[in-house]
Every structure is written in C-alpha cells, then in structure tokens.
Amino acid sequence: MKFVQGDIEKDEIQEKLSELMDFNKADLVCSDAAPEFVGERFIDHMRAIQLNYMVMGFCKKNLRKGGSLLMKIMQGPAE
C-alpha cells in the first residue's frame, strides 16, 4: 500500500501519485480527502463536493477499468 498526503487539486501531487504507481493503473483508490471548513454550511458542502469531483477526475486517468473507489461524502459542520 502506498500513501500520499497532499492537495489533490495540485498537479504535482497528482504526478507524485502516478509516479508512486509506476504510471500503472490502480486497482483501488481510497480517498480521505476533506476540505478546510469555513463554517458556512452551503459553502463547506460545495467545497466537499468539488473535492470529490477532483478525486473522480484523478480516477478517470489512474484507476483501472473495473477498479474501485472508496471516498467519504461529507456534509459541512452542523450549525
């Protein structure tokens, strides 16, 4: 298992992930990505959704056909 902590929105992090996989496609991507919450429920929710879309975009390029993606779906903090 290989682990990378960084901002998935940054090209250098995505490149580092690809390098660690020897530019092969992954069988499984497990994402624990979470945005920094600002305390505004709608904004926090939208930022979490945008981050999940970034992870899915990464998987389109780097997850083998039939592979699995595990990621959390977050709701902003309760008011």
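Modeller: Let us begin with a cut-off: a residue is called exposed when its relative accessible area is over 50%, buried when that area is under 20%, and partly exposed in between. Please keep in mind throughout that this is a predicted model.

Colleague: What makes phenylalanine 42 exposed or buried by that rule?

Modeller: Phenylalanine 42, which is placed in helix α2 (residues 41-62), has a relative accessible area of 58%; since exposed means over 50%, the residue is called exposed. Phenylalanine 42 also belongs, together with Val38, Ile43 and Met46, to a nonpolar surface patch of about 400 Å².

Colleague: How do you know on which side of the cut-offs cysteine 59 falls?

Modeller: Cysteine 59 is likewise found in helix α2, but its relative accessibility is 7%, and because buried means under 20%, cysteine 59 counts as buried. The C-alpha atom of cysteine 59 is separated by 29 Å from that of glycine 39, the two residues being 20 apart along the chain. For the protein chain as a whole, 24% of the 79 residues count as buried.

Colleague: Why is the contact between aspartate 27 and arginine 64 called a salt bridge?

Modeller: In general, side chains of opposite charge can pair when their charged atoms come close. The criterion here asks for a side-chain nitrogen of Lys or Arg within 4 Å of a carboxyl oxygen of Asp or Glu, and the side chains of aspartate 27 and arginine 64 meet at 2.5 Å, N to O, so the pair qualifies as a salt bridge. Aspartate 27 lies in strand β1 (residues 26-31) and arginine 64 in strand β2 (residues 63-71), so the pair ties together parts that are 37 residues apart in sequence. Arginine 64 has a relative accessible area of 36%, and is therefore called partly exposed.

Colleague: Which other pair forms a salt bridge, and where do its members lie?

Modeller: The structure holds 2 salt bridges, and aspartate 32 forms one of them with lysine 72, with 2.7 Å between the closest N and O atoms. This pair links distant parts of the chain, as aspartate 32 is in the loop between β1 and α2 and lysine 72 in the segment after β2, 40 residues apart. Aspartate 32 is exposed at a relative accessible area of 61%, whereas lysine 72, at 30%, is partly exposed.

Colleague: What makes aspartate 44 a case without a salt bridge?

Modeller: Aspartate 44, in helix α2, is buried, and the nearest side chain of opposite charge, that of arginine 47, is 4.7 Å away; because a salt bridge requires the atoms to be within 4 Å, aspartate 44 has none.

Colleague: In what order do the elements run?

Modeller: From the N terminus on, the order is α-β-α-β, with 2 helices and 2 strands in the protein chain.

How values were computed: Residues numbered from 1 in each chain as written. Predicted model: local features only at pLDDT ≥ 70, side-chain atom pairs only at ≥ 80, totals over all residues. Heavy atoms only, no water. Patch = residues over 30% accessible without salt bridge, like charges linked within 9 Å, V, L, I, M, F, W, Y side chains within 5 Å. Areas by Shrake-Rupley, 256 points an atom, 1.4 Å probe, with all protein chains shown as cover. Helix = DSSP H or I, 4+ residues; strand = E, 2+ residues; numbered from the N terminus. Buried < 20%, exposed > 50% of the residue type's maximum accessible area, 1.4 Å probe, protein only. Lys, Arg positive; Asp, Glu negative; His and termini not counted.
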